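Please work through the following exercises on cavities and strand pairing. Each task is followed by a solution in steps.

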Amino acid sequence: MGPGAYMSNYRIRPGDTLSGLAARFGTSVQKLARDNNIANPDLIISGRTLRIGHSGRDSFDAGGGRQGIRGGGGGRGVGGGADVGGPTGVAPTGGTEKGRRLAEAARAAAMGMGGYNSQGLCATGVSRAIRNALGIGVSGNGNQIDNNLPRDKFRQVDMSLEDALKIPGLVLTWESTSSRLGSIYGHTAVTLGDGHSSASDFIERNTTNSGRTGFKVFVPIE
């Protein structure tokens, strides 16, 4: 543990996995296993307490509060009108190195495409970010990317949207949304790590599951 780092305790809940907790708290499976004398990382017991090390810079500085309103017409893979906006020019902290790179690439891709307004090209924005940050080509629309992410590069984790949005660089996918095109193509985005924003072809300040179904979370493998 370096300067500015600290330890805290977390009580394991049913459904928790060590990989999911590592992604959530910006650490690694190996470190959690080592700090807690866990011989089998695939087996953790509900009700027990984990010691978790954190960095003193464990959150995303959201920067400016610029916002906009997404039009109700929607686009490919997005829902109806919603408050959008998000961080500009601030690199994410916390999470993993690959996750931070992916979050920053996603923010840059979104600002280079729609900014704060959806262009109906969520999968294009996410694919561009993954390619620019990690050198990985991923094709497909919003509800196909989850099947096309290479499993040696990304791992699906069981995590709520609320927790996922706190970690930079997780890939979110939904099978469908409430808009006409979203009901066909779904939606995908990359978390920015500030607890509420995600980026695809635009930055969505308040990312929710409202009107969206089939939610999944994927974390880059270090």
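On a 1 Å grid over the protein atoms alone, a cavity is a set of points where a 1.4 Å probe fits but cannot get out, and lining residues have an atom within 4 Å of a point. Grid points are joined across faces, edges and corners, and a volume is the space filled by probe spheres set on the points. The model is predicted: local features need pLDDT of at least 70, side-chain atom pairs count only at pLDDT 80 or more, and totals for chains, interfaces and linings use all residues. Residues are numbered from 1 along each chain as its sequence is written, and side-chain values use heavy atoms, without hydrogens and water.

**Exercise 1.** Determine the volume of the largest cavity and describe its lining.

*Step 1.* The count is one cavity of 30 Å³ or more. The largest cavity holds about 40 Å³ of space.

*Step 2.* Its lining includes Ala 23, Thr 96, Ile 167 and Val 219. Strands (DSSP runs of E, at least two residues) are numbered from the N terminus. Strands S6 (168-174) and S10 (216-220) each give two or more residues to this lining; S6 gives the most, with three.

*Step 3.* By class, six lining residues are nonpolar, four are polar and none is charged. In this scheme Ala, Val, Leu, Ile, Met, Phe, Trp, Tyr, Cys and Pro count as nonpolar, Asp, Glu, Lys and Arg as charged, and the others, Gly among them, as polar.

Methods. 1 Å grid on protein atoms, 1.4 Å probe; cavity = no way out; pocket = protein on both sides within 12 Å on 5 of 7 lines; lining within 4 Å. Helix = DSSP H or I, 4+ residues; strand = E, 2+ residues; numbered from the N terminus.
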